[in-house]
Amino acid sequence: MANAKDTLNPGLCAIALAIRSRDGPRFVFHYPPHPSTKPTERELRFGTELDTEPAEADDQEQDDYDSDESELEESSYLDMPALGKLDLNEKMQKQQQQLPKQKRHVGTPDGDDHYNDKKGEHVVPWEHLFEFPTADLESILTPSRAFHKKKFELSLDPLHFVAYPMHIREDGLWKKKKTKKSRRATKETDDPEPGPESGEAKSKEKKDQKAGNTSEDGDDSGGMLMFNVAFILNLPKDEEDERILEIYEHVIRKFNKALNHAQASNNYVWRESEVIIAMKEKAREERRPMSWLWTEILLKSTLAGAIRDVFNAISNNKIATLHLATTPPVDLSLQIPVPPYLTSFPRSDDRAMLGLLLTSSNATIDEEGNEDPSYLNRHFALLLLDNEEKIIAEIQADNTELSPPLIECIRLCSPTLSFLQVAQTHNIELSSLLILAQHLVYWRRAVAIRPLHAREMYIVSPNCDSRKLPAANFAWKKAFPLAPSLPSYLAALSAAPRPYKTFSPSKNHRPTYLEMLAWAMRGGWVTQLCTFAWILVWPEILYEVQYQLKAGAIEKAKNKPASGQASTASAESTDESGAEKKPIDPNAPLTTEQAAEQARLERLAKKAAEDAAEFAAEFAKMPVPVATDHPSHNPAPHLKNLSPYIIKDPHKVNHEESLYIAAYGKRFTDPKIRDCWFKFCSKYFNGTEALEMIALQEGMKRKETWSILMHFQEIILVCKHW
Amino acid sequence: MIQGMFFARFLPQKGTKVVHQSPPGCIVHEPGVDKPRFFDFETMAEYIIPRQAFCNRYVTICDPDNKYRILGHPVCIKDEKYERNEFMFNFGIVIDVEADKMPYEAVVRRLASTFTEMEIQNQFLSQEHVSTKDSRSISALLEIIKEDLNNYNECMIPVDDANTINMKLFPIYKHPPPVKSWHVPISKMKFSEIMDDTWDLTMKKVILHIDGIKDVRRIAHDADVALDLTKIALQHLLYYDSILMLDMFMFGNIYAPTPSINDFLSDKDGMQDECANYVYINGPRLSNQYLCSLFATLCSSRTLKEWLKLHLDQGFPVLNYVDVRRFIQFGVIKGLLYRVHKYTVSSQYIKSIVSGRSVDIQGGGALQKYADGCHCFDQIMVEQNMSDQKIMEHLRKFPKGDVEIIYR
């Protein structure tokens, strides 16, 4: 969703590159040249709320109170922020923002030009980042080897410096020597012993080294020992850990690794750093303005350009596409993944994610019901998130080996056809189609949805972003000039859920109406209303099963006493103690103990017989269950005390529950319907699988499915939600 | 939980050194202690007493194994009386990386400020070895602070005649959503039991009117408190999670189930009985299955009135058994239901937003500004003091076909 990026601000405010060479640490480059010290703006909306005007007014009022309070405060330390303040986080940020300003001594240049401070020292505009001199930053941002390929997280209130430092290998090389042996060995093990060399790799490496050396004036002593691209973040306190982890996992680590690769193969980082440092030195002497220098650097250095691209994309929560000019070139895409849709209704204290599609249908839930990001349900369909032509053009421009199959996949897929249907009609392999679709989903080109169909119901999404309505209405008019306006289309959909086809004026309009639906779905305006069901066991069935169980027990008891009586008659007790003693001396007269034991057994047997008789008598009194046509309305008095029962998970039923299902099954005379009952029961009547998916997953016609489901109407509890 | 505390100084000859630590040997080697240290101090020393430019601010750093986080506030005091004209120190706290670091920030800042003050007063830190009898040693202080904060979440320690360290760990909560005048607060605790004379007067007035029925504007009116002050008071309560915000309950409202309804049907956490205890107050207690079907029959196009009628037609007079307001509130609080709000959109008005030209829609009047699809009817009702019916009547005055109602 194009809208999602507004709500998830990653808080990135600058990227800095520092290296350590044998001459010591150097601060190479940072972007943007003048990062804003303003804390990242936070989405003020929560839940699904649209309106913020009163909230802003509130903030202003609170500001006034706050400033009153801060005047009373003696120290600049915010000792107990939780006390006496209302707008904690926001306020603290504001103060933090003010503090540097107050502290900032006159000499700190904010501007573009060089000047001499009071002491007559030359002040260079790019030698400060935030309020820190780069001479100090360069040492703190080049951590020791202990941090090699580890997460480096330093916070200098209010900024966080997050990085993944890269050191040179201990053998003094950036690249592991390429030997057949080491290639086979695991990545971690360092293999100093040079094995038999594969000629090509070696010669290539030599060339690389030569190329590197020539640019370093053939002198290796100035070589780089480590480099570190630090991402500088400014985040609201309560989101820090989560956001830092996200950007670290998805961007920082990958970017540093790619640079490490480029450094290893082409001495890339060092070469580029030397260029940048030389340019800075020259500009320092010539007293060039910073803006001029930065333009020059960005023109000359692809590394600086890459840093800029990463910054621009990631700080706007877009996808960064990088191209490092090495041989062979390194192409890289980086992003902080955004969720393709929301699966639960946002709570009132969740930050708003307006415009994100809201649906419980998660295509990545596998057959066992576990979420697996590498799985894609083949009964789902692909909905492109932008104009098809535009996406194809973009993919063509990327021009990777994956481009042609991706374009093919986009051309074939349609939001109305499931992946399985696409694969079948075009006779292509389903698994590769799914992999391509997954790629498109991961890189935010598409989402997987339940296939759109004119018979299904669609409603206005409770998470739609109506603030975009004016602009969206304009785009809608352009896309569908003859259709009703977007507000009236949405109003019609939201007024009463009906099958979608009833909105289309005639059958000829249906394809256009489906396109309109796809458009609205893409923008998060609408969502599918699905039906979910649970099996409802009415008292009549409960009683019937209970009765059967009792009858079964009596039947068993009847057979048992017969044999039991026979054994007692011959004084052969079933009791083990009796059986044990008997064979010892069968003719001996009974001892008192034995007599007592026998009496006890007799009493027990009598009691059991009495109980059985009582049970049978009671059972005989029980009314015989009568199967009525409408078990839900059976008015029989013996059912009054029973309340209906809901089977929670028909996939894992206990004995009684399976009897209920069987009892229902027996009542369907039509074998086809009976089959469907048993088939649907465990798979669909569990409250999580939408009945709308039955037709697709079972390969049936929608109409047919619904007519069968109508037979179950009385015995399932249905609920409609998205 | 504080894993360790230490006091580090920059010594002109030796560089950054840990002078005191608790527990012993946790940061640097101490004779007689044979426990593994948390991390290699030499690696981290650069961030514990950093260069001057980074001093006098809150600084945190994670160790390379990403197991511990050091929270510190390095201080640099400049004075000619010191060797090299400056005195640098840091009181650090070591916590687990996963632990919530927020409550400790205030502690670290307070330690820095107190000891800075004491150093300026009587060189408490720099002249430590010549300390007088009536002041505590720093290592003892570290120990007490660590133990008290870990065990009681607060400490109150007299350091010498003039100085006492008072600290408390405060939980820091998420910033609550803004309070809107059409929200309805409902309390999560018995305020009457915890309120005492020291409470804020406005707060006391406002709390008396929190009943789960009155909206914020009405509370302000009934409590005779200005609306903005009422909102601030409620915001406070919301921050401490002692109230919840709901919507205004009316029988014309629409509520629809969310996918979480499945939790209720499968009776997660005994939710059904909880609900039954809360809503069956009008008559005899029925079976929980009725509640299930009541929830399941709510849908995005049915007002509560229609829903009640539906059940009445099927022979179930809901109102005789169930307190419908409580029933709905239960659903909303548990996230089983959401309110479907009503919005109005005027085509002319949204066109004017795109073009940037202001229009005066005929018949629009006071409602025109609400007709952009972003203002729910609840808001219009509260701000314009109109009923739903009146709003609809007013909307009819807009040009024909211009206004649409969207349920969202």
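This is a predicted model: local features need pLDDT of at least 70, side-chain atom pairs count only at pLDDT 80 or more; totals for chains, interfaces and linings use all residues.
Over all chains, the structure holds 47 salt bridges. One of them crosses between chains, leading from A:Lys237, in the loop between strand 10 (224-233) and helix 7 (240-266) of chain A, to B:Glu105, which belongs to helix 2 (residues 102-122) of chain B. The side chains of A:Lys237 and B:Glu105 meet at 3.1 Å, N to O, and both A:Lys237 and B:Glu105 are buried.

In helix 7 of chain A, A:Arg243 and A:Glu246 lie three residues apart, about one turn of the helix, and they form a salt bridge in which the closest N and O atoms are 3.6 Å apart. A:Arg243 has a relative accessible area of 12% and is therefore buried, whereas A:Glu246, with a relative accessible area of 26%, is partly exposed. In chain B, B:Lys309 and B:Asp313 both belong to helix 11 (residues 304-313), where they are four residues apart, about one turn of the helix; the closest N and O atoms of their salt bridge are 3.4 Å apart, and both B:Asp313 and B:Lys309 are exposed.

Turning to the strands of chain A, strand 13 (residues 381-384) is covered on both faces, with A:Ala381 and A:Leu383 buried on one side and A:Leu382 and A:Leu384 buried on the other. Strand 13 of chain A pairs in the antiparallel sense with strand 14 (residues 446-449) of chain A over four bridges, and within these strands A:Leu382 stands opposite A:Ala448 of strand 14.

In chain B, helix 3 (residues 138-152) comprises 15 residues and reaches 20 Å from its first C-alpha to its last, a span close to the 21 Å expected at 1.5 Å a residue. The buried residues of this helix include B:Ile138, B:Leu141, B:Leu142, B:Ile145 and B:Leu149, and also B:Lys146 and B:Asp148. Among the elements that cover the buried residues of helix 3 of chain B are strand 1 (4-11), strand 2 (15-22), strand 6 (86-96), strand 7 (154-158) and strand 8 (164-168), together with helix 2, of chain B. Helix 2 of chain B is also the element that holds B:Glu105, the partner of A:Lys237 in the pair between chains. Just after helix 3 of chain B, B:Asn153 takes a positive phi of about 60°.

Key: Residues are numbered from 1 along each chain as its sequence is written. Chains are lettered from A and ligands numbered from 1 in the order in which they are written. Side-chain values use heavy atoms; hydrogens and water are left out. Buried means under 20% relative accessible area, exposed over 50%, partly exposed in between (1.4 Å probe, protein chains only). Helices (H or I, at least four residues) and strands (E, at least two) are DSSP runs, numbered from the N terminus. Two strands pair if DSSP finds at least two bridges between them. A salt bridge is a side-chain nitrogen of Lys or Arg within 4 Å of a carboxyl oxygen of Asp or Glu. The expected span of a helix is 1.5 Å times one less than its number of residues. Contact means heavy atoms within 4.5 Å.
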